[in-house]
Amino acid sequence: MALSLIATTAMGLEAIAAKELRDLGYEDVQVENGKIIFTGGPIDICRSNLWLRTADRIKLKIGEFKATSFEELFEQTKALPWADYLPVNAEFPVTGKSVKSQLYSVPDCQAIVKKAIVENLKQHYHQEWFDENGPLYKIEVSLLKDQATLTIDTSGAGLHKRGYRYYHGQAPLKETLAAALITLTNWTPDRPFIDPFCGSGTLPIEAALIGQNIAPGFNRDFISEDWTLISQADWDKAREEVEDLAKYDQPLNILGTDIDHQMVELSAGNALEAGFGDLIKFKQMQVSDFTSKEEYGCMVGNPPYGERMGEYKEAEEIARQLGHLYRENPTWSFYFITSFDDFEKSFGKKASKKRKLYNGRIRTDYYQYFGKRPPRITKEDV
């Protein structure tokens, strides 16, 4: 059964998630604002939910059409093959959103879509009432410029919820964004990795997951696990693949530091929950105290943004200290996400590359400073 699937992402992460899908073997991948459309069978719902590191959720697209009147919305929704997806006891709440469309009343659109689906199911199942006491199918009607798209969420909780972060600081970095930041570096598992502002440990933990090729969804459940559309055999097979492809014996050199000892304890607890209790090191330390005899490492961090008055000086001083580390460690590469506009000025050097990203609703820049390349290993060296 060919299914049209949508991986939704934060703005700026679309190309990264699309590459993830291609790396997983999907060829028919279309990139749009905030989403990537691809095709697959029921098992691909399992695989994409388990493996995608930078997507927010996976949606199953049921239909798409133009709707400028409530009658059009009702009739075209009713015409879709809902019984192919919804069993007779399905619980199917409908949510909605409308942008630049003539049908702007979201509650009315939701009610009409719900009614249309019920009418469709009445005809198919030959009954007048549905108890909705079975598996949950979260349906969304999305209207954009009069184009209606009807989807069912297959993920449940957002994919950033990996299942390891029980505690976090005040402004945590989302796991999906952390994975994207690491993906955009030149880090490889045989090189040192450090986050000097580790907070709740998200960047070091995501680096460990990437380094050992562990699927980010290995430790959580998905709403579609209860669906009749996907067999238990498909879920079992997808989870077996996750286990088979993991490189648990891959040694890693990952360190998270923070000036706040409570954050260090928090990070260590989250790493333990993720299964990396012995693998990732955490240490209380301020940025200016960092030294390393190792070469070709990567420092990736989320330094203070200087958003409020009084914090500007702190952000400026930290950027200056990071610039000093860059000059002291010429083989290392440095990557920092911040909305602090004077970062490059305080750092003392223009970034090798700069990328616009959003941390939640905050527009940020990702400053990338590339160190020297490691020497190439020749046959004579082996």
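**Surface and overall build**

Modeller: Gladly! The chain has an accessible surface of about 18900 Å², and carbon and sulfur atoms hold 49% of it. Such areas come from the Shrake-Rupley method with a 1.4 Å probe, and for residues only the protein chains shown count as cover. Please keep in mind that this is a predicted model, where local features need pLDDT of at least 70, side-chain atom pairs count only at pLDDT 80 or more, and totals for chains, interfaces and linings use all residues. Residues are numbered from 1 along each chain as its sequence is written, and side-chain values use heavy atoms, with hydrogens and water left out.

Biologist: How many helices and strands does the chain have?

Modeller: There are 10 helices and 14 strands. Both are DSSP runs numbered from the N terminus: helices are H or I with at least four residues, strands are E with at least two. Along the principal axes, the C-alpha atoms fill a box of roughly 75 × 50 × 40 Å.

Biologist: What share of the 382 residues counts as buried?

Modeller: That share is 52%. Buried means under 20% relative accessible area, exposed means over 50%, and partly exposed lies in between (1.4 Å probe, protein chains only). As for contacts (heavy atoms within 4.5 Å), residues 24 or more positions apart make up 77% of those with a separation of 6 or more.

Biologist: Why is α2 called largely enclosed?

Modeller: Of its 10 residues, 9 are buried, so the rest of the structure largely encloses α2. Among them are Ile43, Cys46, Leu50 and Trp51. Their cover includes β1 (3-8), α1 (14-23), β3 (35-40), β4 (57-66) and α7.

Biologist: And why is Ser48 called buried?

Modeller: Ser48 sits in α2 (residues 42-51), and its relative accessible area is 0%, so the residue counts as buried. Beyond its neighbours within four places in sequence, Ser48 is in contact with Phe38 and Ile58.

Biologist: How do you know that the length of helix α8 agrees with its residue count?

Modeller: The expected span is 1.5 Å times one less than the number of residues. For the 14 residues of α8 (261-274) that gives 20 Å, and the end C-alpha atoms are 20 Å apart, so the two agree.

Biologist: Which residues of α8 are buried?

Modeller: They are Met263, Val264, Leu266, Ser267, Asn270, Ala271 and Ala274. Seen down the axis, they fall within an arc of 160°, so they line one face of α8; the arc is that of the directions from the helix axis to the C-beta atoms. On the other side, Gln262, Glu265 and Leu272 are exposed. The cover over the buried residues of α8 includes α6 (202-211), β9 (254-258) and β10 (280-284).

Biologist: What caps the N-terminal end of α8?

Modeller: Asp260 does, with a side-chain oxygen 2.8 Å from the backbone nitrogen of Gln262. Just after α8, Gly275 has a positive phi of about 95°.

Biologist: What makes α6 count as mostly covered?

Modeller: In α6, 9 of the 10 residues are buried. They pack against α5 (175-183), β8 (193-195), β9, α8, β10 and β11 (298-301).

Conventions:
Polar contact = N/O pair within 3.5 Å; in protein donor to acceptor, adjacent residues only side chain to side chain.
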